[in-house]
Amino acid sequence: MSLKRPPSSAKQFQAEHTSKRQRTNLTEAPSSQSLSGKRLLPSDTPSDSIMIAAVAKLKKQVKKVLHLREHLPSDLFFVSFDTTLSCMVHEVANPVHFKFNQIAIGQQLKKLNDIISSWDEAAVDEQYILIGKMEIGVRELWGLYKSAHEVVLTKQAMPTPSAFGKRNVWPKAQEGPDAILCLRPPDKQGLPLILLHSAFLTFVNELDRPLSPADAPVLKISRELCKEMAKPYDEDTNSRTDAFNEAIRPVFPTYDWLFEFSLGSQPGSSGKLDGALSDFRILRVDKAELGSNTSDPYMQLARGFQAFIKWKQASGSNQGAPGTAKFLLIIVGPMLIVAGGFYDGVSIIVEPLIQPLLMLPDGNNGGRPMAIAKCMVALKKAVELLPVTPIPESLVPATPRIYSLVSGGEQSAAAHAISFERPLRHLGDFLFLGRIDDEDECLIKLVYGSYGTEVHCLLARQGLAPKLYGTEVREGAPTAIAMEHLEPYDPIRGGWMTLHELVGSSGIRVHTRELALGVKRIVDRLSESNFVHGDLRSNNLMVHVESDQTLLLHEEIVHVKAIDFDWSGESGKVFYPLERNAELYWPGEIGQEIVVGHDEAVVAEWWPKTFQGELFTNGTVPLPFLDIDELV
């Protein structure tokens with residue numbers, strides 16, 4: 001029900017009776033100390049304190065609000081607080097009454113949420129509400145409600161797994177400092193789990209392998225499992241859980257399944273899980289039927305893994321140490337989801353590892369039991385890679401852990417150990433600062449798909465690209481590319497910046513002709529070798545700027561280096577990708593071969609737009625049009 005503004009006559013009445021309204025409300029309204037019927041003591045609950053403070057603050061707004069109820073629409077909601085800290089929500093002879101000091105803080109906020117959450121925040125200036133014998137602007141109440149909710153979130157321990165999974169709980173909890181990186185909401189995202197532990201990578205890779213003759217018993221088990229899980233089960237019993245455990249017992253013959261075990265009792269670790277492998281390498285949440293519970297089982301198990309880590313930390317177990325990884329199974333009626341959880345020392349990362357599988361019979365080609373069998377075989381192999389008692393490690397949060405050695409760089413016979421130091425999120429999601437052989441700083445880039453290693457090496461040997469130390473290829477994972485780290489520009493030390501950044505910089509002296517020659521030299525070297533870069537734009541060309549704000553020259557040519565060889569390769573053997581910036585000029589269509597001449601066409605298209613008739617932002621260095629072909 002919407003709230004409406006009173007007629008303009010109410011505003012006139014407000015002006016006439018301001019003094020009376022102030023005198024009446026301030027004398028009749030109880031003080032904040034008497035609102036709970038007693039003096040507020042330190043031992044009072046946070047819920048009482050929050051609501052008392054909210055009421056006290058509301059009373060101070062009396063000068064800003066309207067007064068008499070008879071001037072308000074008859075269908076208006078209003079809220080009243082009394083001296084026992086009760087709250088009454090009135091709606092046309094249909095009052096709903098509850099006492100704030102007799103219910104949990106979460107329920108208090110839910111009651112207010114039921115009133116406020118449906119209001120349009122953009123229109124609250126046009127609404128108002130009664131507080132006791134006063135009316136208060138809805139925006140004031142809205143702000144107080146949100147402030148109280150934030151206070152509760154910071155003071156209250158994370159909810160239990162089952163409470164966390166509820167749709168009116170986890171969105172708010174995910175705004176707090178203990179947010180789980182589980183892709184909900186989408187900004188709560190960590191590194192893919194396949195980059196954090198080899199067990200997850202093994203599981204994903206094994207899913208794509210055909211079953212062997214030795215896996216025939218698992219396929220038989222999967223067919224029986226699909227029959228059992230297709231049956232209806234009473235949600236008030238554990239019959240589905242029992243049936244699942246019994247069906248897959250032969251897959252994990254050396255393990256027992258724990259049933260409905262409780263986690264710790266400390267704040268943040270309380271709650272229980274529906275099941276777990278006896279050594280805790282698999283954690284589970286079971287729901288008897290689809291839609292049988294309002295709690296999201298995925299969010300519930302994500303919180304369950306977080307509570308498990310806190311529980312083990314409180315007990316001093318290594319199973320709560322950085323580097324702990326678990327498989328997470330979600331059973332909802334006949335649906336099976338396999339996810340993973342990882343603790344990197346700072347964040348909890350949870351991610352689904354497969355598409356949901358339906359444990360139902362398949363009379364056509366047996367596709368569903370086959371998919372279940374592959375999942376079980378992959379899970380069994382991957383679980384064995386998880387240590388029963390993890391060894392505490394010194395981890396760098398938010399960095400991959402499956403790469404260790406690169407090779408095939410400029411010196412193809414040389415192999416180099418790599419280590420990760422920190423992510424470079426300002427440059428991209430998959431870029432990291434690291435070390436080569438524990439000595440020199442390097443940039444490590446993770447690339448899905450192909451990478452122009454030959455092109456990179458060719459230009460690097462001539463000083464036209466960063467040094468390439470090598471690559472490491474892992475099946476099912478992006479390729480790790482380790483290269484020289486071009487130190488970013490600093491006004492004191494100098495350094496590297498992209499040509500795109502250079503154009504927007506002030507005070508830097510530019511040798512335009514020499515800069516064009518530096519770019520042309522890269523294009524020429526590629527063409528001569530029948531290679532292409534594919535995306536030779538200003539943001540993929542690096543220039544070195546000296547500390548005196550001049551460009552570094554070498555043989556009267558600006559020192560330019562090309563980067564990002566994701567589309568590079570031999571002319572005619574690499575192709576434009578499906579996803580690219582449609583607003584930019586491209587010499588070829590999506591899926592078409594990239595050939596010699598395309599790089600030159602790209603440069604010829606953006607160069608005059610970047611430099612023709614324009615000035616740098618300091619307005620001192622004119623950059624006239626330059627035909628790159630005439631600068632030989």
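Helices here are DSSP runs of H or I with at least four residues, numbered from the N terminus. The model is predicted, so local features need pLDDT of at least 70 and side-chain atom pairs count only at pLDDT 80 or more, while totals for chains, interfaces and linings use all residues. Residues are numbered from 1 along each chain as its sequence is written, and side-chain values use heavy atoms, with hydrogens and water left out.

**Exercise 1.** Work out where T610 sits and whether T610 is buried or exposed.

*Solution.* Start with the helix: T610 belongs to helix 16. Next, the cut-offs: buried is under 20% relative accessible area, exposed is over 50%, and partly exposed lies in between (1.4 Å probe, protein chains only). T610 has 17% relative accessibility, so it counts as buried. Finally, look across the chain: H500 is 110 residues away from T610 in sequence, yet their C-alpha atoms are 8.7 Å apart in space.

**Exercise 2.** Describe helix 15, from its span to its burial.

*Solution.* Helix 15 covers residues 512–528, 17 residues in total. From first C-alpha to last it reaches 24 Å, close to the 24 Å expected (1.5 Å times one less than the number of residues). Now the burial: twelve of the 17 residues are buried, leaving helix 15 mostly covered. Among the buried ones are E514, K520 and R521, along with G518 and I522. After the helix comes N530, with a positive phi near 60°.

**Exercise 3.** Work out how helix 15 packs on helix 16.

*Solution.* Take the geometry: the two helices pack at about 165°, axes 11 Å apart. (Axes are lines fitted to C-alpha atoms, for helices over the stretch in contact, and angles run from 0 to 180 degrees between N-to-C directions.) That angle makes helix 15 roughly antiparallel to helix 16 (the class for angles over 145 degrees). Then list who touches whom, with contact meaning heavy atoms within 4.5 Å: T512, L515, A516, V519, V523 and L526 from helix 15 meet D599, E600, V603, W607 and F611 from helix 16. Sort these residues and you get eight nonpolar, one polar and two charged. (Ala, Val, Leu, Ile, Met, Phe, Trp, Tyr, Cys and Pro are nonpolar; Asp, Glu, Lys and Arg are charged; the others, Gly among them, are polar.)

**Exercise 4.** Do the analysis for helix 9 and helix 10.

*Solution.* Helix 9 (residues 216–229) meets helix 10 (residues 239–248) at about 170°, with 9 Å between axes. Helix 9 is therefore roughly antiparallel to helix 10. I221, L225, E228 and M229 of helix 9 touch R240, A243, F244, A247 and I248 of helix 10. The tally is seven nonpolar, no polar and two charged.

Methods
Angles under 35 degrees count as roughly parallel, over 145 as roughly antiparallel, 65 to 115 as roughly perpendicular and the rest as oblique.
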